[in-house]
Amino acid sequence: MSDRSSLDWSSQLGQPLHGELRVPGDKSVSHRALMLSAIAEGTSRIHGFLEGEDTRATAAVLSKLGVRIETPSSGERVVHGVGLHGLRGSSEPLDCGNAGTGMRLLTGLLAGQAFDSELVGDASLSKRPMRRVTDPLTQMGARIDSRDGLPPLIVHGGQAMRGIRYELPVASAQVKSALLLAGLYSEGVTEIIEPHPTRDYTERMLAAFDWPIDFSPGHASLEGGHTLHATDVEVPADFSSAAFFLVAASIVPGSHLRLPAVGLNPRRTGLLHALRLMGANIVIESPRESGGEPVGDLVVRYAPLHGIELPESLVPDMIDEFPVLFIAAAVATGTTTIRGAAELRVKESDRIATMATGLRALGASIEETPDGAIIHGGKLGGGSVQSHLDHRIAMSFAVAGLVAEAPVRINDCSHVATSFPGFLELANGCGFALRAVD
Ligand code: S3P
């Protein structure tokens with residue numbers, strides 16, 4: 001796939017942040033809703049679908065596999081399911097773009113098909129480890145070729161898949177989900193045990209599509225040979241996208257933001273707890289259920305933050321929010337220590353190294369450790385930082401620019417559209433001073 005052309009951002013001191021912001025739909029839920037709808041019997045409707053490049057790439061892959069997907073309006077999809085065995089092979093490579101979730105889950109889904117598939121990705125995805133899914137899938141009977149554990153992946157069809165009991169070596173919802181999807185096509189029981197519970201969207205959604213599944217935090221098991229029945233899916237706003245505004249409003253004096261209908265699955269809200277431990281003022285209003293998921297309106301007001309020893313138990317519940325937590329820690333009073341987060345090194349970029357290098361370029365004092373960082377809070381200056389093709393790094397440094405003493409220039413922010421289309425406009429609408437520069 002062609003990588004897009006570079007686009008830099010400049011972020012600087014803005015106004016106190018005010019207003020009500022609707023952040024886009026949840027990325028994890030949107031990917032899963034497409035995949036399960038595609039192999040269900042009947043027509044499913046997805047409301048609040050994330051119009052990001054990652055989730056659109058998954059939709060395009062499923063279309064290539066013979067699934068008809070309509071877009072009646074932005075954020076809506078109508079998926080005409082082809083049934084468990086109705087996908088058709090594609091002679092072209094299946095391009096997952098930047099999406100680790102897309103590629104890993106699709107690998108599980110494709111392992112049990114009758115046809116061969118080739119999964120490819122962009123420069124960032126092509127560096128991400130795939131053995132974590134291909135090894136256990138191979139134990140289940142799959143045959144998958146890779147470039148020494150990296151994409152592209154050739155998934156050979158026509159294999160007899162069988163369920164296994166698998167203890168995940170690292171907490172990963174992507175690996176768990178890939179194995180559960182392969183389990184739909186396997187003889188016998190597929191059972192997954194996690195070292196720490198991770199987001200359970202696949203399990204909840206399989207149940208909503210009528211597939212019998214037994215799950216509790218840290219454990220899931222299902223049997224092959226049932227049928228998925230189409231249903232409608234309500235996608236909540238993505239907590240990981242709300243996270244940038246939770247930190248931004250917490251660190252800019254005088255700020256007061258409201259973020260309605262944000263998904264509050266407990267396996268996603270570690271940052272909320274971490275920020276509260278640091279002194280943040282964040283209130284959940286009208287907690288409720290929507291589409292089987294807990295949601296609530298988040299109200300955040302400025303509050304002075306102080307450093308913490310981050311409890312390691314929070315790490316898996318905030319695995320995508322570390323870049324912006326690093327910014328909060330860098331401007332808090334005192335020291336923040338992060339441990340047990342080595343997984344950050346294999347995200348869209350090595351997020352420990354990328355954040356440490358970027359923060360140092362802005363004058364922060366930060367020590368990198370193999371599985372975390374020690375961040376000494378203080379003031380940030382201006383400067384130039386690299387996004388390393390990582391959407392969350394780019395948005396995190398846009399937040400840093402709000403409190404830096406001079407403009408922060410962020411190199412190559414084009415990848416922000418993978419998870420958060422319209423971030424720049426939404427941010428500027430509530431008080432950021434963020435602009436695209438040549
Ligand atoms: C995701 C799981 C997490 C997360 C990613 C989305 C998912 O990855 O970082 O953004 O949708 O299952 P890991 O499973 O690699 O931890």
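## The largest pocket

What volume does the largest pocket have? The largest pocket has a volume of about 550 Å³, where a pocket, on a 1 Å grid over the protein atoms alone, is an open set of points with protein on both sides within 12 Å along at least five of seven lines, and lining residues have an atom within 4 Å of a point. A volume here is the space filled by probe spheres set on the grid points, which are joined across faces, edges and corners. Of the 34 residues that line this pocket, Ala171, Ser172, Ile319, Glu343 and Lys347 are the closest to its centre.

This is a predicted model, in which local features need pLDDT of at least 70 and side-chain atom pairs count only at pLDDT 80 or more, while totals for chains, interfaces and linings use all residues. Residues are numbered from 1 along each chain as its sequence is written, and side-chain values use heavy atoms, with hydrogens and water left out.

The largest pocket lies between domain 1 (8–23 + 236–437) and domain 2 (27–234), because both give residues to its lining; the domain bounds come from an automatic or database domain assignment. Helices α1 (27–38), α3 (100–111) and α5 (173–183) each supply at least two residues of the lining, helices being DSSP runs of H or I with at least four residues and strands being runs of E with at least two, numbered from the N terminus. By class, the lining has 10 nonpolar, eight polar and 16 charged residues, where Ala, Val, Leu, Ile, Met, Phe, Trp, Tyr, Cys and Pro count as nonpolar, Asp, Glu, Lys and Arg as charged, and the others, Gly among them, as polar.

Of the 17 residues that line the second largest pocket, Ile251, Pro253, Val331, Gly378 and Val403 are the closest to its centre, and the lining divides into 12 nonpolar, three polar and two charged residues.

A cavity is a set of points where a 1.4 Å probe fits but cannot get out, and the largest cavity holds about 30 Å³ of space. The largest cavity is lined by Arg32, Met35, Leu36, Leu105, Leu181 and Thr202, and α1 gives the largest share of this lining, three residues.

Serine 117 lies in strand β7 (residues 117–120), and serine 117 counts as buried because its relative accessibility is 4%; buried means under 20% relative accessible area, exposed over 50%, and partly exposed in between, with a 1.4 Å probe and protein chains only. Not counting residues up to four places away in sequence, serine 117 touches Leu94, Leu110, Leu153, Ile154 and Val155, contact meaning heavy atoms within 4.5 Å.

Glutamine 113 is placed in the loop between α3 and β7, and glutamine 113 also counts as buried, at 4% relative accessibility. Leaving aside neighbours within four places in sequence, glutamine 113 is in contact with Leu84, Leu87, Gly157, Gly158 and Tyr185. A polar atom of the side chain of glutamine 113 lies 2.9 Å from the backbone oxygen of leucine 109.

## Helix α10

In helix α10 (residues 351–361), the residues Arg351, Ile352, Thr354, Met355, Ala356, Gly358 and Leu359 are buried. What covers these buried residues includes α9 (322–331), β19 (365–369), β20 (372–376), β21 (383–386) and α11 (391–401).

Aspartate 350 caps the N-terminal end of α10, with a side-chain oxygen 3.2 Å from the backbone nitrogen of isoleucine 352. Glycine 363, whose phi is positive, near 90°, follows α10.

Technical notes. Polar contact = N/O pair within 3.5 Å; in protein donor to acceptor, adjacent residues only side chain to side chain.
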